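Have the model open while you read.

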Amino acid sequence: MDYTNHPFSGKRHTVFGKKGMVATSQPLAAQTGLEILKKGGNAIDAAIATAATLTVVEPTSNGIGGDAFALVWVKGELHGLNASGPSPQELTIEAVKAKGHDKMPTHGLVPITVPGVPAAWAELSKRFGKLSLAETLEPAIRYAEEGYPLTPILGKFWKKAYDNFKKTFTDKEFEAWFDTFAPDGRAPEIGEMWKSPGHADTLRKIGDSDAKAFYEGELAEKIDSFMTEHGGFLKKQDLATYKAEWVKPISTSYKGHEVWEIPPNGQGMVAQMALNIFKQQDEPAWQSANTLHQQIESMKLAYTDGQAFITEQTDMPVTAEHLLSDDYAASRAKEIGAEAIDPVAYELPRGGTVYLAAADEEGNMISYIQSNYMGFGSGIVIPGTGIGLQNRGADFSLDENHPNALKPGKRTFHTIIPGFLTKAGEAVGAFGVMGGYMQPQGHFQVVVNTLDYLLNPQAALDMPRWQWMGGKKVTVEAEFPNYLAQQLQQRGHQVEVMADSGSFGRGQIIWRNPETGVLAGGTESRTDGAIAVW
């Protein structure tokens, strides 16, 4: 890799360190991770501290009431944690339709599922942490109590959410959102201080009880009481029975490396499927319309199948192993020709998210992601607690014949995905790109930028991105080369140039040199990204 090569408009350099590194979308959160490393914590402790702080300093994208996933490298082994929560036991297709919905709503009480974030912190701390959970949450509590000034991208999306919500969140159950996030009758401004004492109190209770207060104690009672009062479905018995799941990560080979993801119900395997299809095509060429065309076609085929089949593994009509097989990749690769296609799902064989990466001197690394889903999530906040609940259930289908059909106690198709790269049994490092359905597309582009074009981690993130939107429609960033956009149009792609880059994801990368232990990090230029390094 050439660490002085910056072929794109972003001119940040790769950041290097040895003792520890934390990369995420908000400077204060990255620094809290570094603070924990310097206190004697490891990369996992740092990630928990950073994640907890992000619920305070970037509530536009995540919160205590969201879900989380992690890939953890410890002592030469990769571990996966699925901390996504299921639907409540009272939430059925019939119950949703009885409320007048013919599809899952995006906001309000109905799409709320069991939050997994507090359980993720507790599980990671208990299994791999060196410090107590209470110690790792101290910086987040401090920011919630004392306040902090809003950063530019945070302020932009906060105001956008407020402007939308004041028009649509008119029912009584939404009042606590405005009390918490618009206490002066408006969104806080960029550079203005904001604090949330209730959030601090909640974090303290979670830390002191190893998250039991959230699932079995006082916080669970408050959630249950609010839901009962307003006719919601999530109840204390749903919280009490929840447990995050340790899973075996899945991988695919690409250019001599293993690309790792969490297995379904997450969509990470979409990126792997696309890589498997793409490597059946011509050898990639730099800034080539033919290569870009084949990348887009590979992604649209993989994504079409992912949306058709991915859900809880027990409900999938086809196995993850088959979708990652050479036979599947070869059969889908045959669909790719010179012109853009409008994909249909594969014929079955018969018979608003935050991402962070952290690493330490011992070689531990973690790829971690958490989200409330669509920005602030459901718009439901438990009064006085700072707990904004996710709207993850919005992705369920009300068609009982669809693999992702709503059922009580079921985890839905999930968008948030952490990524990890290894080579010959050694950790290369952690990477991720947040942003809804952009995430596997971002993973795919980061991997090919790194392994095909040998771009350094910062340049791999800065490269102008494309995003398949469905059918033949592809959006590209404003800095995407115009001649390439024109050539893609000539191949039948419906290309739209976007003035704003907010929909193209926000990522982080930390690579580790296996010989020296030196860490190399890149952070997203599309947000308030920062790397704290020691």
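Strands (E, at least two residues) and helices (H or I, at least four) are DSSP runs, numbered from the N terminus. This is a predicted model, with local features needing pLDDT of at least 70, side-chain atom pairs counting only at pLDDT 80 or more, and totals for chains, interfaces and linings using all residues. Residues are numbered from 1 along each chain as its sequence is written, and side-chain values use heavy atoms, leaving out hydrogens and water.

Seven strands make an open sheet, in the order 1-20-19-15-14-9-8 with antiparallel pairing; two strands pair if DSSP finds at least two bridges between them. Strand 1 (15-17) and strand 8 (250-254) sit at the edges with a single partner strand each, so one side of each has no neighbour in the sheet. Strand 9 and strand 14 run antiparallel and are joined by three bridges, and Glu258 has Thr422 as its bridge partner in strand 14.

| Strand | Residues |
|---|---|
| strand 9 | 257-261 |
| strand 14 | 419-423 |
| strand 15 | 426-434 |
| strand 19 | 506-512 |
| strand 20 | 519-523 |

Now for the second largest pocket. Where does the largest share of its lining come from? Strand 15 gives that share, three residues. Strand 14, helix 16, strand 19 and strand 20 are also among the elements that supply at least two residues each. Of the 19 lining residues, Met1, Val428, Trp511, Arg512 and Pro514 lie nearest the centre of the pocket. (A pocket is an open set of points on a 1 Å grid over the protein atoms alone, where a 1.4 Å probe fits, with protein on both sides within 12 Å along at least five of seven lines; lining residues have an atom within 4 Å of a point.)

Terms used
Contact = heavy atoms within 4.5 Å. Axes fitted to C-alpha atoms, helices over the stretch in contact; angles between N-to-C directions.
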